Amino acid sequence: MKSKAGKRPLMPADLLAQLEETARGALQDIEESADSEDLATKRTEVLGRGGVLNQALKHLAELPQPERGDVGRRANEVKATLEKAFAARREALETSLLEMQLRQEALDVTLPGRPPVRGRIHPANQTLRQILRIWAEMGFQVYRSREVETDELNFGLLNMPPYHPARDQWDTFYTTNPQVLLRTHTSPGQIHVMRERAPQPIRVVLPGMCYRYEQVTARSEIQFNQVEGLAVGRRITFADLKGTLTAFARRLFGAQVATRFRAAHFPFTEPSAEMDVECFVCGGVGCPVCKGTGWLEVLGSGMVHPTVLNNGGYDPAQFSGFAFGMGPERLTMLKHRIEDIRYFWSNDLRFLEQF
Ligand SMILES: [Zn+2]
């Protein structure tokens, strides 16, 4: 080719034809380029220092002057056209890429959201609230009292003087002051509320945390909730106690539930009784939950001891009353067949999330 071209003098028409041919090919390439990277490579191949356009004009200097000017002008036009075409194509490619990304990464507002993890009421507190709701419906106010008590209020004024053997059942945690301790039951609240309200009639429930210095086992914890109840007034009898507690049991366990009272002993009530409900697991037939008896013990109760009434500021000759106490954790265990009381305060989410 070279020797052939060398024999024939270069004509402007040849260069112009070559120029047009290069431009056509380049425009075709621009149109077919798949992405901006591909386009950038092609741009170097066409418009770069060693690109095809410069190659096509390699022999421009060999032309005589006037024709050289014409071809040069045309070459600049071609170059400008190609520059424009490259720029337009690059913009088109970038726009379509953006559109594709927007399509692919689009936020689908119809998808369900990720729900935040919600806390819930602790199972012991769920039962506690249920118990308090029932007593509130029956006209009992919630009366809160302190967890740190004096020996006198926790034991002495509740008919358990220092030498009383019942104290052995309720060992507790003492502070550096031997007369100040963590309460073993909510019963000191009875003294607080009586001394505050005497001689007015009383209908209260006293919920709260209690403490015992005991070995921790599946059946006993060193801390637990208790709900105590107290009714004081004139002519309150044991029949009121039975009727009120039976009404409570029916509201908690169902209208058909049978109850029974067994004689018991507590230092601060006389007479005392424990109330059982018919086992709601087996319906009274006998099962492992009720240990085959058909009955579940749910609370302790009794008529307020005259000494306790007196300590609270009520004359036992004119006033009488009844008291009762139950454990929300124990009731929750019965209800859900929980076999270990330690689950309540061990903060294991696998346990807590079931309620
Ligand atoms: Zn049973």
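How many residues does helix α9 have, and how far does α9 reach from its first C-alpha to its last? The views below, all taken from a predicted model, start there.

**View 1. Helix α9 from end to end.** Running over residues 238–253, α9 has 16 residues and reaches 22 Å between its first and last C-alpha. That is close to the 22 Å you'd expect at 1.5 Å a residue.

View 2. At the N-terminal end, T237 does the capping: one of its side-chain oxygens sits 3.2 Å from the backbone nitrogen of A239. At the other end, α9 is followed by G254, which has a positive phi near 120°.

View 3. Buried here are L241, T244, L245, T246, F248, A249, L252 and F253.

View 4. The protein donors are the SG atoms of C279, C282, C287 and C290, lying 2.2 to 2.3 Å from the zinc ion. Along the chain, these donors follow the pattern C-x2-C-x4-C-x2-C.

**View 5. Geometry around the zinc ion.** Why call the arrangement around the zinc ion tetrahedral? Because the four donor atoms subtend angles of 103 to 112°. For reference, the ideal angle for four tetrahedral donors is 109.5 degrees.

View 6. Buried means under 20% relative accessible area. C282 has 19% relative accessibility, so C282 counts as buried. C287 is buried too, with a relative accessible area of 13%.

Methods: Residues numbered from 1 in each chain as written. Predicted model: local features only at pLDDT ≥ 70, side-chain atom pairs only at ≥ 80, totals over all residues. Heavy atoms only, no water. Helix = DSSP H or I, 4+ residues; strand = E, 2+ residues; numbered from the N terminus. Expected span 1.5 Å × (residues − 1). Buried < 20%, exposed > 50% of the residue type's maximum accessible area, 1.4 Å probe, protein only. Polar contact = N/O pair within 3.5 Å; in protein donor to acceptor, adjacent residues only side chain to side chain. Donors = N, O, S within 2.8 Å, 3.2 Å for Na, K, Ca; no water. Tetrahedral: all angles 85-135°; square planar, octahedral: opposite > 155°, others 65-115°.
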